[in-house]
Amino acid sequence: MASDLVQKVDRLKRVEEECQMLKEKLFLKQLTSSEQDVFALALDDHSITEMQDILFKEGSIIKDQRRSILHYSINP
């Protein structure tokens with residue numbers, strides 16, 4: 001009986017992890033490829049200045065894309 005409960009809890013944890021991965025994939029699909037690039041660099045803790053050098057974009061464009069990403073994350 002206890003082993004059945006442990007198996008069910010493990011299964012629920014796996015389902016929860018799969019749901020989280022799907023949610024993240026859906027979020028990323030809302031972003032343009034440029035926004036995805038900015039998002040990836042932001043996750044790696046790059047500054048806007050570093051992103052400018054890497055992506056060859058103006059800081060204002062990167063800031064706009066970051067704002068857009070934040071909008072998607074708040075209003076999915």
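**Exercise 1. Where do R67 and D64 lie, and how many residues apart are they?**

The structure is a predicted model, in which local features need pLDDT of at least 70, side-chain atom pairs count only at pLDDT 80 or more, and totals for chains, interfaces and linings use all residues. Residues are numbered from 1 along each chain as its sequence is written, and side-chain values use heavy atoms, with hydrogens and water left out.

Step 1. Both R67 and D64 belong to helix α4, three residues apart, about one turn of the helix. Helices are DSSP runs of H or I with at least four residues, numbered from the N terminus.

Step 2. A salt bridge requires a side-chain nitrogen of Lys or Arg within 4 Å of a carboxyl oxygen of Asp or Glu. R67 and D64 form one, their closest N and O atoms being 2.6 Å apart. By this rule the count comes to one salt bridge.

Step 3. Relative accessible area (1.4 Å probe, protein chains only) defines buried as under 20%, exposed as over 50%, and partly exposed as in between. R67 is exposed because its value is 53%; D64, at 45%, is partly exposed.

**Exercise 2. Determine which side chains make polar contacts with the side chain of K57.**

Step 1. K57 is located in the loop between α3 (48-55) and α4 (59-74).

Step 2. K57 is buried yet has no salt bridge: D37, the nearest side chain of opposite charge, is 5.6 Å away. For charge, Lys and Arg count as positive and Asp and Glu as negative, while His and the chain ends are not counted.

Step 3. A polar contact is a pair of N or O atoms within 3.5 Å; within protein, one must be able to donate a hydrogen and the other to accept it, and residues adjacent in sequence count only if both atoms are side-chain atoms. The K57 side chain makes such a contact with the side chain of S34 at 3.3 Å and with that of Q65 at 3.4 Å.

Technical notes. Helix = DSSP H or I, 4+ residues; strand = E, 2+ residues; numbered from the N terminus.
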